[in-house]
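Open the model in your viewer and keep the sequence panel beside it. The tour moves from one selection to the next.

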Amino acid sequence: MKTSFIKSTKDKNNYSIAKGFGVEIVELDDPENIDKKIEELVVKEYKTIIIPNDLASFSQDIINKYANNTNTNIVIVPIKYKNV
């Protein structure tokens with residue numbers, strides 16, 4: 001099962017534990033491109049896509065397009081940024 005975590009390039013948190021579990025970390029420069037990145041991952045057959053709540057707020061498709069999709073799980077998580 002392929003899993004991905006989409007993060008902002010501004011997010012300075014360390015995701016080494018997630019990487020250790022086989023989660024691919026995808027960086028996104030422009031939050032406005034979140035829907036395009038989600039679609040790319042769905043096409044690549046990622047089954048679980050984890051998105052922090054600040055990026056999820058930029059998506060128009062999360063609820064409308066993927067709410068009833070049984071092939072892809074989108075998980076929205078709260079993220080606390082480190083001031084680095």
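**Stop 1: Lysine 37**

Select lysine 37 and show what it touches: Ile6, Val26 and Leu28, leaving out residues up to four places away in sequence. The model is a predicted one. Lysine 37 belongs to helix H2.

**Stop 2**

Switch to cartoon and colour the strands. In what order do the four strands run across the open sheet? The order is S2-S1-S3-S4, and the pairing is parallel. S2 and S4 are the edge strands, each pairing on one side only. Look along the sheet for its twist, which averages 25° from one strand to the next.

**Stop 3: Strand S1**

Select residues 3-8, strand S1. Six of its six residues are buried, so the strand is mostly covered. Check both faces. Thr3, Phe5 and Lys7 are buried on one side. Ser4, Ile6 and Ser8 are buried on the other. In a regular strand, side chains alternate between the two faces of the sheet.

Next, follow the pairing. S1 and S2 run parallel over five bridges. Within S2, isoleucine 25 is the bridge partner of phenylalanine 5. Toward S3, S1 makes three bridges, also in the parallel sense. Threonine 3 has threonine 48 of S3 as its bridge partner. Serine 4 has isoleucine 49 of S3.

**Stop 4: Strand S3**

Move to residues 48-52. Is S3 buried or exposed? Five of its five residues are buried, so the strand is largely enclosed by the rest of the structure. Thr48, Ile50 and Pro52 are buried on one side, Ile49 and Ile51 on the other.

Now show strand S4, residues 73-77. S3 and S4 pair in the parallel sense over five bridges. Isoleucine 49 stands opposite isoleucine 74 in S4. Isoleucine 51 stands opposite isoleucine 76 in S4.

**Stop 5: The largest nonpolar core**

Show side chains for Ile6, Ile34, Ile38, Leu41, Ile49 and Ile51. Of the 13 residues in the largest nonpolar core, these touch the most other members. At least two residues each come from S2 (24-28), H2 (34-43), S3, helix H3 (53-56) and helix H4 (61-66). Which element gives the largest share? H2 does, with three residues. In soluble globular proteins, nonpolar side chains tend to be buried together.

Centre on isoleucine 6. Ignore neighbours within four places in sequence. Its contacts then include Val26 and Leu28, Ile34, Lys37, Ile38 and Leu41, and Ile49, Ile50, Ile51, Pro52 and Leu55. Lysine 37, from the opening stop, is among them.

Apart from this core lies another, of five residues, including Phe5, Tyr15, Ile25 and Ile50.

**Stop 6: The aromatic pair**

How many aromatic pairs does a search of the whole structure find? One. Select phenylalanine 5 and tyrosine 15. Their ring centres are 4.8 Å apart and their planes meet at 35°, so the pair is tilted. Phenylalanine 5 sits in S1, and tyrosine 15 in the loop between S1 and helix H1 (16-20), so the pair ties together parts that are 10 residues apart in sequence.

Colour the two residues by accessibility. Phenylalanine 5 has 6% relative accessibility and counts as buried. Tyrosine 15 has 13% and also counts as buried, because the cut-off for buried is under 20%.

**Stop 7: A lysine over a ring**

Select lysine 2 and tyrosine 46. Lysine 2 lies over the face of tyrosine 46, at 4.7 Å from the ring centre.

**Stop 8: Glutamate 45**

Finish in the loop between H2 and S3, where glutamate 45 lies. Is glutamate 45 buried or exposed? At 56% relative accessibility, glutamate 45 counts as exposed. Then check its backbone. Phi of glutamate 45 is near 65°, a positive value in a residue other than glycine. Most residues other than glycine have a negative phi.

Conventions:
Residues numbered from 1 in each chain as written. Predicted model: local features only at pLDDT ≥ 70, side-chain atom pairs only at ≥ 80, totals over all residues. Heavy atoms only, no water. Buried < 20%, exposed > 50% of the residue type's maximum accessible area, 1.4 Å probe, protein only. Pairing = 2+ DSSP bridges. Core = buried A, V, L, I, M, F, W, Y, C linked by side-chain atoms within 4.5 Å. Contact = heavy atoms within 4.5 Å. Phe/Tyr/Trp six-rings, centres within 6.5 Å; stacked < 30°, edge-to-face > 60°. Lys NZ or Arg CZ within 6 Å of the ring centre and 35° of its normal. Axes fitted to C-alpha atoms, helices over the stretch in contact; angles between N-to-C directions.
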